[in-house]
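Thank you for coming, everyone. I would like to walk through one structure this morning, and I will define each term as we reach it.

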Amino acid sequence: MEAQPNNPIHGKKLDQILKELVAYYGWEHLGHKIQIGCFRNNPSIGSSLTFLRRTNWAKSKVEALYIEMHRKTTQS
C-alpha cells in the first residue's frame, strides 16, 4: 500500500472515522453539522455505519468533516 501522508483518511476504516467524530463532536453537534436522521434520531454507531455504507453523499460529508476536524486538531 502506498503511503499518503497528506490524506488523514488513508488507511482508516469508516467505523474508526465515525467513532473519532462522535468523540470529538458528540452526536448532537454531529447531527447539526451533518443533518442526517441517523445522527439525530436515536443515534448509534451501527445504524449510522449501515446508512453511510449505502449512501455515498452522506459518507462523503462524513469524510470531509473528518478531514476538517483532523486539520483543526493538528494545527493546535
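This is a predicted model: local features need pLDDT of at least 70, side-chain atom pairs count only at pLDDT 80 or more; totals for chains, interfaces and linings use all residues.

Let me begin with the charged side chains: the count comes to two salt bridges, where a salt bridge is a side-chain nitrogen of Lys or Arg within 4 Å of a carboxyl oxygen of Asp or Glu. Residues are numbered from 1 along each chain as its sequence is written, and side-chain values use heavy atoms, with hydrogens and water left out.

One of the salt bridges joins the side chains of Lys12 and Glu20, at 2.6 Å from N to O. Lys12 is partly exposed, with a relative accessible area of 30%, and Glu20, at 30% relative accessibility, also counts as partly exposed; in these terms, buried means under 20% relative accessible area, exposed means over 50%, and partly exposed lies in between, using a 1.4 Å probe and protein chains only. In another salt bridge, Lys72 meets Glu68, and their closest N and O atoms are 3.4 Å apart. Lys72 and Glu68 are four residues apart in helix α4, so they are separated by about one helical turn.

Since I have mentioned a helix, here is how the elements are named: helices (H or I, at least four residues) and strands (E, at least two) are DSSP runs, numbered from the N terminus. Now please look at helix α1, which covers residues 14-33.

The buried residues of α1 are Leu14, Ile17, Leu18, Leu21, Val22, Tyr25, Leu30 and Gly31. These buried residues pack against α2 (37-40), α3 (45-54) and α4 (56-75), with contact meaning heavy atoms within 4.5 Å.

Met69 lies in helix α4 and, at 5% relative accessibility, counts as buried. Leaving out residues up to four places away in sequence, Met69 touches Glu20, Leu21, Tyr24 and Tyr25. Ser48, in helix α3, is buried with a relative accessible area of 0%, and with the sequence neighbours up to four places away again not counted, Ser48 touches Leu18, Trp27, Cys38 and Phe39.

Let me turn to the rings, where the structure holds three aromatic pairs. Among them, Tyr24 and Tyr25 form an edge-to-face pair, 4.8 Å centre to centre with 85 degrees between the planes. By the rule used here, rings of Phe, Tyr and Trp (its six-membered ring) pair if their centres lie within 6.5 Å, and planes under 30 degrees apart count as stacked, over 60 as edge-to-face and the rest as tilted. Is Tyr25 buried or exposed? Tyr25 is buried, with a relative accessible area of 13%, whereas Tyr24 is partly exposed at 42%. Phe51 and Trp57 also form an edge-to-face pair, 6.4 Å centre to centre and again with 85 degrees between the planes. Phe51 counts as partly exposed at 25% relative accessibility, and Trp57 is partly exposed with a relative accessible area of 49%.

Finally, two loop residues deserve a look. Thr55 sits in the loop between α3 and α4 and is buried, with a relative accessible area of 13%. In the loop between α2 and α3 we find Asn42, which is exposed, with a relative accessible area of 71%. Asn42 has a positive phi of about 50 degrees although it is not a glycine. Most residues other than glycine have a negative phi.

Terms used: The expected span of a helix is 1.5 Å times one less than its number of residues.
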